[in-house]
Amino acid sequence: ADQSVGRGGGGGGPPHGAHGDVDLPIELKRQCQVMVHGLPFAYDTPMLRELCKGCGEILNVHVFKDPQGRNRGYGLVCYSTPQAAQVAIAQLNQAECGGRILSVGLDKKLGGMQ
């Protein structure tokens with residue numbers, strides 16, 4: 001019976017939820033999800049998580065890539081609380097990262113979409 005333990009892990013991740021997202025109610029997500037613009041083009045999702053983890057508990061991180069797999073210079077970070085998102089904005093907005101200036105703010109695309 002123990003032979004099935006761990007199957008389906010590491011490789012593809014759980015089948016539910018894109019990018020392993022933890023679903024927050026949209027009202028809360030609007031206050032917890034920040035968009036990070038100006039990322040160095042060498043950055044990937046684990047590097048963005050590392051950059052942002054000191055601000056609070058992170059639920060999801062995603063660096064956007066073009067069809068060729070190159071970083072597009074921005075990503076999303078969803079924190080577990082609005083307070084953590086505000087700490088990230090305060091600490092990282094206009095900070096220098098890899099020779100670029102970051103622009104960090106609440107994800108405006110979540111603003112009025114119903």
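The sections below take these topics in turn.

## Basis

This is a predicted model, in which local features need pLDDT of at least 70, side-chain atom pairs count only at pLDDT 80 or more, and totals for chains, interfaces and linings use all residues. Residues are numbered from 1 along each chain as its sequence is written, and side-chain values use heavy atoms, with hydrogens and water left out.

## Helix α3

Helices (H or I, at least four residues) and strands (E, at least two) are DSSP runs, numbered from the N terminus. Helix α3 spans residues 82–92, and its buried residues are Ala 84, Ala 85, Ala 88, Ile 89 and Leu 92. Buried means under 20% relative accessible area and exposed over 50%, with partly exposed in between (1.4 Å probe, protein chains only).

These residues cover an arc of only 140 degrees around the axis, which puts them on the same side of α3; the arc is that of the directions from the helix axis to the C-beta atoms. On the other side of α3, Gln 83 and Ala 90 are exposed.

## The core

The largest nonpolar core has 20 residues. Such a core is a set of buried Ala, Val, Leu, Ile, Met, Phe, Trp, Tyr and Cys residues joined through side-chain atoms within 4.5 Å. Helix α3 gives the most to this core, with five residues.

## Asp 107

Asp 107 lies in the segment after β6 (103–106). The side chain of Asp 107 makes a polar contact with that of Gln 33 (2.8 Å). A polar contact is a pair of N or O atoms within 3.5 Å; within protein, one must be able to donate a hydrogen and the other to accept it, and residues adjacent in sequence count only if both atoms are side-chain atoms.
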